[in-house]
Amino acid sequence: MQARQLLLTAASMTLALSLAPLTLTADERLKHDGEFMVDGMIFGMPEARVFEEDYDGPPVVGETMTALPHLAPLTHEGNKTHEVRLDTFAQKIEVANGKTFNAWTFGGTVPGPTLHVREGDRVVFTMKNRSDEMVSVTEPVPGGSPFFSQLNENNYLKTEPAVSPMPHSMDFHSGTVAADDKWRTIPPGQSIEFEWVANYPGVFMYHCGTPSVLMHTAMGQYGAVVVSPKEGYDTDDQVDREYVIVQSEYYLRKHGDEYRYDHTAAMNRNPSQVVFNGHVNALNSEPLRANAGERVRLYLMNAGPNDTSSFHVIGAIFDRVWYEGNRENEWRGMQTVLLGASNSAVVEFIVPEEGSYKLVDHEFADAERGAAGTLIAGPRRQ
Amino acid sequence: MRTTRLASLSTALIVCISSQAGISSDRAVRIDGGTFIQPVLLDENQRTLEMESFYLDRAQVSNSDFLDFIQQYPNWRRDQAPGLFRDADYLKHWPEPDALGDGVAGADRPLTRVSWYAARAYCQAQGGRLPSMDEWEYASARQRTLTGQSDDDYADALFAWYSNPGAETLAAVGQGEAGPLGVHDLHGLVLEWVEDFELLLTMGDQTDLLNGSCGDTARMMPEFDAAHYATFLRYQSRSNYSPRTTTTTLGFRCAYDPEDMK
Ligand SMILES: [Cu+2]
């Protein structure tokens, strides 16, 4: 066992030496004792810190944290460290016209805000479990991220503060760490801080991993991280529009005036609603916009928690598809992209003509339950 | 282990408790012993337990009960209790460290924002103790059997409460219908501390190496119906609290051994 470990360590060191990026030395990218590089990627993050803080500031902090379907443009060169906060707390939201429920959320919305970083960037992440506080996301928040102003412009979830004390955790699929340390559960009133490096490009899910993980995710605790490849995608300078779409299911049953989580339905994979960006009407009341002849890029994430998505745009063909968002996984000319729960893709298509294009889950039972949206194309601009 | 060590430290905070003359049976009811099928698998080899008889408070400890306690043991006031035994929100909803208020801080409302250490100390000062997790669940299971509540109704009520616990508008203790055991509001008012709440999983010293993380329900559940999930969620969420944790929906009641009763 020990000999094998030694061999592995020796192999990793060789790899690190032979594949270290030319621009930065390992010393410049490694931040803490115990970190090491394999294939130019950084592993060995320090232990998570669990603590109590007297914090009642903005629950979402980070200049590249945006409300769906926006994506913050990256303005930095090379790699940087992002200080990100995403608190967890309950929120009453609407998921379809007149249908509200008390969701467990990251940042107050379902799905939570999208974090955008570049491959190789480091994220220093803080989360306070504020599930026993009333937290508002509709007040103006100095020091908050673009998320708040975007949400205020189009608060289609009609968010209202709620209280639902519960232990929670955060699991970033974009992080490569020991889950029993970083993704550990914290009770109400506690905060956790940990770091991860975006070693792989792509579109990644984040979610709460506390048992029952089915209930915690179905209650709304998930969102997307977009990690742009360090070399970019080949079409970067041709893309006119970029949007993020997260598909997910709700399992709700009427209980008095409100809707509540239905565990039997969740176990039976019988969703009450299947949605893009958290609401059956999210991409219809505010359709995506483009013009004829433009190249549109969608960052697609199927958060599940249970079902697949057969994503299709009626009237268009995906000219480029990067499965999971990795530029090595390129497909061409696809009509539909099949995403299992927690799979993702970056897709591009050329908008053929002026008109209206439906975005659907082509598993039509799910489209009929809400997984449908619209892209409206204006006239061609020269 | 951490909990045990800290528990004995917190016990030391109550100095010279004279043994009470005995607990009045007005306050607590006898729960007869019997056979109990555990609703969550704590040990692969054990499903059925033989329970001893014990007494359980009819209702949760109220704000006024706890005010009486801290007047006798001021080292459990929020301005005096050591930070080791409570988080920053301990009794935060009371207007003063030793005064009650309105709404959830009212005299007859269930005590919330109380740490496991403080709950334990309170019960000890009454000549009792916190119920064990098995005792609490046994009482709950017996009550369900006697009332004939269906699994679906039980699960519905619990999931509804978990997602909308009404922490801002708690009802008074002992107001919910008592049921055949004479016990009020086991479900639906506040979650309750039990003595061995970390038995299943823990965040500190790892009693369960697999840590109760994502997808760890199956190995702990004997059945996968909604009722077992609802019960599991109660175990699970309590297990993930720290003994210092205080929240708006967490209170407690005490248990007693038969020989301590009048
Ligand atoms: Cu959670």
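Reader: Start with a strand. Which residue in β13(A) is the bridge partner of Met127(A)?
Author: The partner of Met127(A) in β13(A) is Ile192(A). Strands here are DSSP runs of E with at least two residues, and helices are runs of H or I with at least four, numbered from the N terminus.

Reader: Before we go on, what am I looking at?
Author: This is a predicted model, where local features need pLDDT of at least 70 and side-chain atom pairs count only at pLDDT 80 or more, while totals for chains, interfaces and linings use all residues. Residues are numbered from 1 along each chain as its sequence is written, chains are lettered from A and ligands numbered from 1 in the order in which they are written, and side-chain values use heavy atoms, with hydrogens and water left out.

Reader: Is β13 of chain A mostly covered or mostly open?
Author: Mostly covered: β13 spans residues 191-197, and six of its seven residues are buried. Buried means under 20% relative accessible area, exposed means over 50%, and partly exposed is in between (1.4 Å probe, protein chains only).

Reader: New topic: which residues coordinate the copper ion?
Author: The copper ion is held by His168(A) through ND1, Cys208(A) through SG, His216(A) through ND1 and Gln221(A) through OE1, at 2.0 to 2.1 Å. Donors are N, O and S atoms within 2.8 Å of the metal (3.2 Å for Na, K and Ca); water is not among the atoms, so sites may look incomplete.

Reader: What geometry does the site have?
Author: Tetrahedral, with angles of 94 to 135° among the four donor atoms. For four donors, that label needs all angles to lie between 85 and 135 degrees.

Reader: How are the donor residues spaced in sequence?
Author: The pattern is H-x39-C-x7-H-x4-Q. His168(A) is in the loop between β11 (160-161) and β12 (171-172) of chain A, and Gln221(A) is in the loop between α5 (213-218) and β15 (222-228) of chain A, so this pair ties together parts that are 53 residues apart in sequence.

Reader: Is His168(A) buried or exposed? And Gln221(A)?
Author: His168(A) is buried, at 2% relative accessible area. Gln221(A) is buried as well, at 0%.

Reader: Over to chain B. Which non-glycine there has a positive phi?
Author: Leu91(B) does, at about 55°. Leu91(B) is in the loop between α2 (63-72) and α3 (116-125) of chain B and is buried, with a relative accessible area of 0%.

Reader: How many helices and strands are in chain B?
Author: Six helices and seven strands. Chain B has 262 residues, of which 55% count as buried.

Reader: What about the largest nonpolar core, how many residues does it have?
Author: It has 108 residues, and those with the most contacts inside it are Phe66(B), Trp76(B), Trp193(B) and Phe252(B). The largest share, eight residues, comes from α3(B). A nonpolar core is a set of buried Ala, Val, Leu, Ile, Met, Phe, Trp, Tyr and Cys residues joined through side-chain atoms within 4.5 Å.

Reader: What does Phe252(B) touch?
Author: Leaving aside neighbours within four places in sequence, its contacts include Phe66(B), Tyr122(B) and Trp193(B). Contact means heavy atoms within 4.5 Å.

Methods:
Tetrahedral: all angles 85-135°; square planar, octahedral: opposite > 155°, others 65-115°. Pairing = 2+ DSSP bridges.
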